[in-house]
Amino acid sequence: MAERITWERSEGIGRSGWTGSVPRPNGPARRLFSIEWSASRRGQWVLRTQLPFVIANNRDLNEDAEELKRIAEGILFTFVRSLGASFDD
């Protein structure tokens, strides 16, 4: 599967992780995903998304941020397919 999400390191007060953006044909990329370190969640990374109808579950917690990036790609692919669309490869 091709990588559709561009990940940028995000840091700030109380934040550490990545922001995932998806390009749009007519405009700037849209930030749809974030992976953040959560000490309150057993010291794991947490995947969050702004896609509608996507419900977070326990698999969105992981000790490996790279694994969460792969999960985000799968979520994006599934969401686009649910709309009856597909990616050009």
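Accessible areas are computed by the Shrake-Rupley method with a 1.4 Å probe, and for residues only the protein chains shown count as cover. The protein chain exposes about 6300 Å², of which carbon and sulfur atoms supply 49%. The model is predicted: local features need pLDDT of at least 70, side-chain atom pairs count only at pLDDT 80 or more, and totals for chains, interfaces and linings use all residues. Residues are numbered from 1 along each chain as its sequence is written, and side-chain values use heavy atoms, without hydrogens and water.

**Exercise 1.** State the order of the elements in the protein chain.

Step 1. Helices (H or I, at least four residues) and strands (E, at least two) are DSSP runs, numbered from the N terminus.
Step 2. The chain has 1 helix and 5 strands.
Step 3. From the N terminus, the order is β-β-β-β-β-α.

**Exercise 2.** Determine whether S34 is buried or exposed, and list its contacts.

Step 1. S34 lies in strand β3, residues 27-38.
Step 2. Buried means under 20% relative accessible area, exposed over 50%, and partly exposed in between (1.4 Å probe, protein chains only).
Step 3. Because its relative accessible area is 12%, S34 is buried.
Step 4. Contact means heavy atoms within 4.5 Å. Leaving aside neighbours within four places in sequence, S34 is in contact with W18, T19, V46, L47 and R48.

**Exercise 3.** Identify the residues that W7 touches.

Step 1. Residues up to four places away in sequence are not counted.
Step 2. W7 then touches W18, T19, G20, F33, I35, K69 and A72.
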